[in-house]
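Colleague: I have the model open. Can you show me how to read its core and its salt bridges?

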Amino acid sequence: MNRRVVITGLGVVAPNAVGIQNFSDALRTGVSGISFDPELDALQFSCRISGTPKIETALLESVFSEIERRNLQSTGFVYGVLASLEAWKDAGLPVETAHPLWESGIIFGNGSLGVGKFRESILQIDALQTRRLGSSAVIQTMSSAVSAYVGGKLGLGNCNTSNSSACATGTESILAAAERIATGKADRILAGSSSDSGPYIWGGFDAMRVCTFKHNDEPEKGSRPLSGIASGFVPAAGAGALVLEALDVALERNAPIYGEILGGHVNSGGQRNGGSMTAPNSVAVIRCIQQALINAGVSASEIDLINGHLTATIKDSTEIENWSQALQRSGADFPQIQATKGLIGHTLAASGAIETVAAVLQLKEQFLHPNVNSEDIHPEISNRIAVECIHPTKKLHKLDVIAKASFGFGDVNACLILKKY
């Protein structure tokens with residue numbers, strides 16, 4: 001079987017906005033979600049700015065019971081649940097069901113989940129207070145926490161699982177969901193990913209010196225993908241979720257359709273040929289993009305927009321070179337390219353899902369969000385592609401096909417091909 005797969009629901013918890021409509025508005029107007037972080041400052045981090053979503057108490061109370069809200073410290077769990085339930089509601093699907101929905105499932109990934117809760121639990125155990133952990137310690141810290149909780153809330157009876165592939169997690173989960181639907185193993189899958197916020201997640205990256213330290217006094221200018229003076233990424237967190245459905249199923253229930261997933265590819269560079277735990281094997285990246293095009297049945301010339309990984313590190317120029325070689329396009333012939341991380345920072349395991357949501361919104365609404373902080377394009381990038389391909393301001397733009405890619409620690413790669421429906 002090879003059924004067409006469409007996107008019928010979206011949900012997002014991002015540093016610059018919570019909720020789809022708010023996120024769409026923030027993308028259009030170039031609202032930054034980066035701000036000074038007093039906690040990182042107090043802990044003497046080199047990078048003292050972050051992208052931390054702001055969740056209103058009323059929203060928490062509408063989703064979690066009073067008992068569930070007690071000691072609710074796993075931020076990635078909260079973000080993932082909120083984004084997932086919004087996507088399901090956005091798709092016009094029922095929440096209360098008497099029996100399992102056998103043809104509906106969930107694949108929801110994360111990186112490290114519930115680290116703050118882990119810390120509290122460890123301290124309590126060491127203090128001989130194990131019985132005070134409460135009943136929520138496990139659900140807040142297990143890797144499949146979001147999929148397990150949401151699956152129970154919605155009665156999802158098909159696959160119920162979680163994946164983890166560093167920064168490629170979200171993009172990989174979406175592709176896995178699309179493939180399950182395309183091959184007839186499910187009619188509908190809720191896919192996405194989330195990431196915790198806070199110093200216990202971001203500390204290791206700060207120690208590795210991959211986070212920026214030059215913009216603590218001007219947070220909104222700190223995340224600078226494509227820039228010649230980029231000095232590292234801004235740590236961030238959040239969640240993105242998408243409801244994917246077989247086209248025939250979506251049409252039968254007259255569901256809203258945001259766009260179509262034509263296909264994609266995942267691979268690994270095996271940490272060979274220049275690839276390492278932290279650096280990509282360019283041969284593998286190029287192969288991943290080209291195989292995604294083949295799987296989707298589109299040519300390189302059809303790509304209108306690239307929503308790149310582009311983290312504001314020294315690897316941004318390498319990524320542009322890889323895209324250029326993979327597509328065999330350069331100069332003014334290169335597609336429009338954008339870095340959503342300029343607005344939200346690097347949300348780690350959540351990045352692929354949040355940025356795919358951003359790409360889908362632009363595909364549906366036919367606009368390009370601005371590439372903020374890119375006024376001083378890296379010379380290695382401007383020597384390869386025309387500066388007109390990097391739009392510094394929001395603009396309306398005809399979009400038919402978008403390539404979305406994510407590249408993660410461990411030399412792992414994922415690329416999706418999205419099409420206007």
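Colleague: Which residues does L10 touch, not counting residues up to four places away in sequence?

Modeller: Keep in mind that this model is predicted. L10 touches I20, E86, A87, D90, A241, L242, Y258, V357, V360 and L361.

Colleague: Which residues have the most contacts inside the largest nonpolar core?

Modeller: They are I7, L10, F23 and L244, in a core of 45 residues. Helix α15 (residues 351–365) supplies the largest share of this core, seven residues.

Colleague: Now the charges. How many salt bridges are there?

Modeller: The count comes to 16. The rule asks for a Lys or Arg side-chain nitrogen within 4 Å of a carboxyl oxygen of Asp or Glu. R3 and D248 qualify because their N to O distance is 3.9 Å. R3 sits in the segment before β1, while D248 is in helix α11, 245 residues apart. R3, D187 and D248 are linked in a network.

Colleague: Is R224 buried or exposed?

Modeller: Buried means under 20% relative accessible area. R224 is at 4%, so it counts as buried. R224 forms a salt bridge with E375, at 3.0 Å between the closest N and O atoms. The two lie in separate loops, so the pair ties together parts 151 residues apart in sequence. E375 is exposed, at 62%.

Colleague: What about D376 and R224?

Modeller: Their side chains meet in a salt bridge too, 3.2 Å from N to O. This pair is 152 residues apart. D376 is partly exposed, at 25% relative accessibility.

Key: Residues numbered from 1 in each chain as written. Predicted model: local features only at pLDDT ≥ 70, side-chain atom pairs only at ≥ 80, totals over all residues. Heavy atoms only, no water. Core = buried A, V, L, I, M, F, W, Y, C linked by side-chain atoms within 4.5 Å. Buried < 20%, exposed > 50% of the residue type's maximum accessible area, 1.4 Å probe, protein only. Helix = DSSP H or I, 4+ residues; strand = E, 2+ residues; numbered from the N terminus. Contact = heavy atoms within 4.5 Å.
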